Amino acid sequence: MLSLRLPQLFDIHQVPKVFREDGIMSGYRHPRSSALDCILSSFQMTNETVNIWTHFLPTWYFLWRFSVLCSSLDFLTDSYTLPLLVYMLLICLYPFTSSCAHTFSTMSAEARHICYFFDYGALSLYSLGCAVTYGSYAMPDCWVNSWLHQHFVTIGVANSLFCTSMSCYSRFVELQFPHKSKIMRTAAFVVPFLFDSFPLFYRLLSCCWGSCSPSQALASHSYHLLFAFLTCFLFASHLPERLAPGRFDYIGPIRVLLLQDVQIDGRVLDEGYEPVVDVLNDEPLLRFSLPAALHEEMHFLRAGAWPFKLSPLCDALNGLERG
C-alpha cells in the first residue's frame with residue numbers, strides 16, 4: 001500500500017527571511033518544497049493550513065451559489081444580469097487563486113513571489129467586480145447618469161491596475177524596508193475598496209440622516225463593510241499574533257520537530273530527508289560555510305535517535321560570542 005509521509009515543519013529561525021511572518025514562530029514548511037509536499041501540507045497543521053482552507057472551501061460555496069443563480073436567471077440574454085455574472089465569476093476566482101497561492105508559496109523564494117502576484121491580481125479583479133456591480137445596482141438615484149456614474153467602471157479598472165502594481169512592487173522592497181512595504185501594500189488594497197464603496201457609504205449616511213428607509217440589502221452591505229474594515233485592520237496590525245508571538249501560529253496543533261542527520265560536506269546523510277535551513281546565512285544547509293569549529297562532531301537529532309551530541313556546537317557558539 002502506498003504510504004505518504006507528511007512534510008517536516010520548521011521554526012522561524014530555520015527558514016529564510018522572505019518566508020517569515022510577524023508573530024508566527026513555528027509551523028513553517030520547507031522553503032523548497034515540492035508540489036506534492038505543498039499539497040500534502042494542506043492536510044497537516046501548518047501556519048498556512050487555515051489560510052488554505054478558509055479560501056478553498058468558500059470557493060465551492062460561491063460556485064454552488066452561482067449554479068443556483070444560473071438556474072433562476074438568464075445570464076446569456078438578459079443584459080441586466082451581466083454585471084452580476086461578472087461579479088460571480090470573479091468572486092469564485094479570487095478565493096481559489098488565493099488558496100493556490102498559499103498552498104504552493106513554499107516551493108521557492110521566486111515561486112512565493114509569483115504565487116502572491118497572482119493572489120494580488122485576483123484580489124484586484126475582485127475589486128473590479130465590486131465596482132461593476134455597485135455601479136450598476138447600488139448607485140444612489142441622485143448619482144445616476146452623473147460623471148462619476150459614467151466613469152465608475154473605468155476608474156475601477158485604473159484602481160485595479162494600481163492595486164496590482166503597487167502590491168506586487170511592495171514585495172521587492174519588503175526585506176529592505178518592511179514598514180514601507182506594509183504601508184504600500186495596505187494602501188494598494190484600501191484605495192480601491194474605498195472607491196468601490198462610495199455608493200454604499202452614501203446610502204448608509206443617508207439612512208443615518210433619516211432620508212431613506214432601512215432595507216435587507218442595506219443591512220447586508222453594512223455587514224460587508226464591517227468585516228472588510230476588520231479584515232483591513234487585522235492585515236495591517238498583525239493582531240493578535242503580535243501581542244503573543246507563537247500563540248497563534250496555528251489552531252490546536254501538536255508541535256513535533258524532527259531534525260534529520262546532515263552531512264557536513266553538503267549532502268543529506270539519509271536519502272529522502274529534507275535539509276534544515278542555516279539560521280546564520282538564511283540558506284539551506286546543503287552548501288553552508290561556517291567556522292571550522294562548528295564542523296567538528298556535529299550531530300542532529302534523528303527521529304528515534306537519542307542521545308545526540310551538541311557540546312562541541314555549544315562550545316563553538318560560545319567562542320564566537322566571546323570573540
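Guide: In this predicted model, a helix axis is a line fitted to C-alpha atoms over the stretch in contact, and the angle between two axes runs from 0 to 180 degrees between their N-to-C directions.

Visitor: At what angle do helix H4 and H7 pack, and are they roughly parallel or roughly antiparallel?
Guide: Helix H4 covers residues 109-138, and its axis lies 9 Å from that of H7, with an angle of about 15 degrees between them. Since angles under 35 degrees count as roughly parallel and those over 145 as roughly antiparallel, H4 is therefore to be described, relative to H7, as roughly parallel.

Visitor: Which residues of H7 does H4 meet, and is the crossing left-handed or right-handed?
Guide: From the side of H4, the residues taking part are Tyr120, Leu123, Ser127, Cys130, Ala131 and Tyr134, and they meet Arg185, Phe189, Pro192 and Asp196 in H7. By class, this contact of H4 with H7 divides into 7 nonpolar, 1 polar and 2 charged residues. As for its hand, the crossing of H4 and H7 is left-handed.

Visitor: How are H6 and H7 oriented to each other?
Guide: Helix H6 spans residues 152-172 and helix H7 spans residues 178-196, and their axes, which come within 8 Å, cross at roughly 165 degrees. The crossing of H6 and H7 is left-handed. Because an angle over 145 degrees counts as roughly antiparallel, the orientation of H6 and H7 is roughly antiparallel.

Visitor: How many nonpolar residues does the contact of H6 with H7 have?
Guide: Among the residues that make this contact are Phe152, Ile155, Phe162 and Met166 of H6, together with Met184, Ala188, Val191 and Phe195 of H7. Sorted by class, the contact of H6 with H7 has 3 charged and 5 polar residues, while the number of nonpolar ones is 13.

Visitor: At what angle do the axes of H7 and helix H9 cross?
Guide: H9 runs over residues 216-237, and its axis comes within 10 Å of that of H7. The contact includes Arg185, Phe189 and Phe193 of H7, with Leu225, Phe229 and Phe235 among the residues of H9. H7 and H9 are roughly antiparallel to each other, and the crossing angle is roughly 170 degrees.

Visitor: How far apart are the end C-alpha atoms of residues 184-202, a stretch that UniProt lists under "transmembrane region"?
Guide: The unreviewed UniProt entry lists residues 184-202 under that heading, along with 84-104, 116-139, 151-172 and 222-239. In the model, residues 116-139 are 96% helix and 0% strand, with end C-alpha atoms 32 Å apart. Residues 184-202 are 95% helix and 0% strand, and the distance between their end C-alpha atoms is 27 Å.

Visitor: Is His102, which UniProt lists for "binding site", buried or exposed?
Guide: The listing of His102 comes from an unreviewed UniProt entry, and in the model His102 is found in helix H3, residues 82-104. A residue counts as buried under 20% relative accessible area; His102 has 9%, and therefore it is buried.

Visitor: Which histidine does His102 touch, not counting residues up to four places away in sequence?
Guide: The contacts of His102 include Arg29, Glu48, Asn51, Ile52, Tyr116 and Asp119, and a histidine, His55, is listed with them. His55 lies in helix H2, residues 49-72, and it counts as buried because its relative accessibility is 16%.

Key. Residues are numbered from 1 along each chain as its sequence is written. This is a predicted model: local features need pLDDT of at least 70, side-chain atom pairs count only at pLDDT 80 or more; totals for chains, interfaces and linings use all residues. Side-chain values use heavy atoms; hydrogens and water are left out. Helices (H or I, at least four residues) and strands (E, at least two) are DSSP runs, numbered from the N terminus. Angles under 35 degrees count as roughly parallel, over 145 as roughly antiparallel, 65 to 115 as roughly perpendicular and the rest as oblique. A crossing is left-handed if the near helix is turned anticlockwise from the far one by less than a right angle, and right-handed if clockwise. Contact means heavy atoms within 4.5 Å. Ala, Val, Leu, Ile, Met, Phe, Trp, Tyr, Cys and Pro count as nonpolar, Asp, Glu, Lys and Arg as charged, and the others, Gly among them, as polar. UniProt positions are given in the numbering used here, feature names are shortened, and annotations may be inferred rather than shown by experiment. Buried means under 20% relative accessible area, exposed over 50%, partly exposed in between (1.4 Å probe, protein chains only).
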